Protein chains: 2
Amino acid sequence: MGEKMLPRAERRRRTEGRILDAARKLFAEVGYERATIRAIARSAEVDPALVMQYFGSKQELFQQAVRVVDADAATGGDDLVERLLATLGVKLGEMPRSSLAMMRSMLTHPEAAASARRTLGAQIDRLAESIPGEDARLRAALAMTVMVGVTVSHRLLELDELREAPPEEIARLLRPGLRALTGPDVS
Amino acid sequence: MGEKMLPRAERRRRTEGRILDAARKLFAEVGYERATIRAIARSAEVDPALVMQYFGSKQELFQQAVRVVDADAATGGDDLVERLLATLGVKLGEMPRSSLAMMRSMLTHPEAAASARRTLGAQIDRLAESIPGEDARLRAALAMTVMVGVTVSHRLLELDELREAPPEEIARLLRPGLRALTGPDVS
DNA sequence: GTCTATATTTCGATAGAC
DNA sequence: GTCTATCGAAATATAGAC
């Protein structure tokens, strides 16, 4: 075996990676139901049966593809609101495709809905710790709700008004409302 | 023909109504793809073939079911923000099922996405007229975006934190942010 | 290990009996 | 006019050849 020959484990790892990338791409674009295993396999340039061989079922493939969603958002440093604005990619023009894949299907696929509730719940928990007052959890939930709305409208519905606007402008306009939500008092 | 016998046209109208109600219910609950014609017919207590006979295709049935979405929101009177809060049913515990049916599928069904963009665009237009400044349309879009986020999280994702909170409390916490968005100036 | 072929299911849609 | 029966397409999933 020459050194150009990859170990079978390594080759398998790479093929799995290609399949997962293609899956994230298609799940994010058209959602769980319309993203067929055949199309994913075609995009990854592998045989459809291989996808089943590796992941067992479409459900399993989806779960593997949308994993790693919790790893983000932990980038501390700035204050609450700035972290929020940065987290969901309002400042950056980017978002992890695994998150988009999950969000695309969260209204119509039970598994994705459960994942969304779990992820949002965790972020609400963390956010609520930094908010004083009795209604900290509700305030945190509403702040996350705002981010959900922006992400859905911008990245999933692709509303023209949001696509054309500079991200800093969007952040600037959202900032006061988020400060009112996460701040200590309200009119 | 006794008076207890309904005219055939009237009987047909009622059957169509039952089918449309069942369609709205199922489309709102599980989305376009998973709401099968068979299940809709079962819920309406009619034969599946009858649904096809009346509406021609699943697409047509969906379009008929989610129509009438634009009729709302025109309830003038209060000021901007109060109308917004009332419109998407944050105050009321209710929302038209046709709206929920459209929103449930808007991320995964192209037709529903187009309908959502159209409806949101119209509301953004109307809202922008009452907002001064260069960035009126962006501000209007972001205000609608907030409402989308609340509706999605509350009625579709059914986040516990929002379900448990009194609607007036939610409205109270959202009000400052919406005022900042629709008001004339911002920090 | 990889792919061909197919089994199995489930849907939307149609044709024809009553 | 309403329903029974079925078609045809497309999907997931499996079995077996190579």
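B:Phe62 is buried, at a relative accessible area of 1%. Buried here means under 20% relative accessible area, exposed means over 50%, and partly exposed lies in between (1.4 Å probe, protein chains only). This is a predicted model, in which local features need pLDDT of at least 70, side-chain atom pairs count only at pLDDT 80 or more, and totals for chains, interfaces and linings use all residues. Residues are numbered from 1 along each chain as its sequence is written, chains are lettered from A and ligands numbered from 1 in the order in which they are written, and side-chain values use heavy atoms, with hydrogens and water left out.

Start with the rings. A pair of aromatic rings is described by the distance of the centres and the angle of the planes. Rings of Phe, Tyr and Trp (its six-membered ring) pair if their centres lie within 6.5 Å; planes under 30 degrees apart count as stacked, over 60 as edge-to-face and the rest as tilted. Over all chains, the search of the whole structure finds six aromatic pairs. One of them joins A:Phe27 and A:Phe62, edge-to-face, with 5.0 Å centre to centre and 85° between the planes. A:Phe27 sits in helix H1 (residues 8-34) of chain A and A:Phe62 in helix H4 (residues 58-66) of chain A, 35 residues apart, so this pair links distant parts of the chain. Helices (H or I, at least four residues) and strands (E, at least two) are DSSP runs, numbered from the N terminus. Both A:Phe27 and A:Phe62 are buried.

In chain B, B:Phe62 pairs with B:Tyr32, edge-to-face, at 5.2 Å centre to centre and 90° between the planes. B:Tyr32 lies in helix H1 (residues 8-34) of chain B and B:Phe62 in helix H4 (residues 58-66) of chain B, so the pair ties together parts 30 residues apart in sequence. B:Tyr32 is buried too, with a relative accessible area of 9%. Back in chain A, ring pairs link A:Phe27, A:Tyr32 and A:Phe62 into a cluster.

Next come charges over rings. A charge sits over a ring if NZ of Lys or CZ of Arg is within 6 Å of the ring centre and within 35 degrees of the ring normal. A:Arg12 lies over the face of A:Tyr54, 3.9 Å from the ring centre. B:Arg12 lies over the face of B:Tyr54, also at 3.9 Å from the ring centre.

Now the salt bridges. A salt bridge is a side-chain nitrogen of Lys or Arg within 4 Å of a carboxyl oxygen of Asp or Glu. B:Arg14 is partly exposed at 48%, and B:Glu10 is partly exposed at 22%. B:Glu29 bridges to B:Lys25, the closest N and O atoms being 3.0 Å apart.

B:Asp79 and B:Arg179 also meet in a salt bridge (3.0 Å, N to O). B:Asp79 lies in the loop between H4 and helix H5 (80-87) of chain B and B:Arg179 in helix H10 (residues 167-182) of chain B, so the pair ties together parts 100 residues apart in sequence. In chain A, salt bridges link A:Asp79, A:Glu82, A:Arg175 and A:Arg179 in a network.

Finish with the backbone. Most residues other than glycine have a negative phi. A:Glu158 has a positive phi of about 60° although it is not a glycine. A:Glu158 is in the loop between helix H8 (136-156) and helix H9 (160-164) of chain A.
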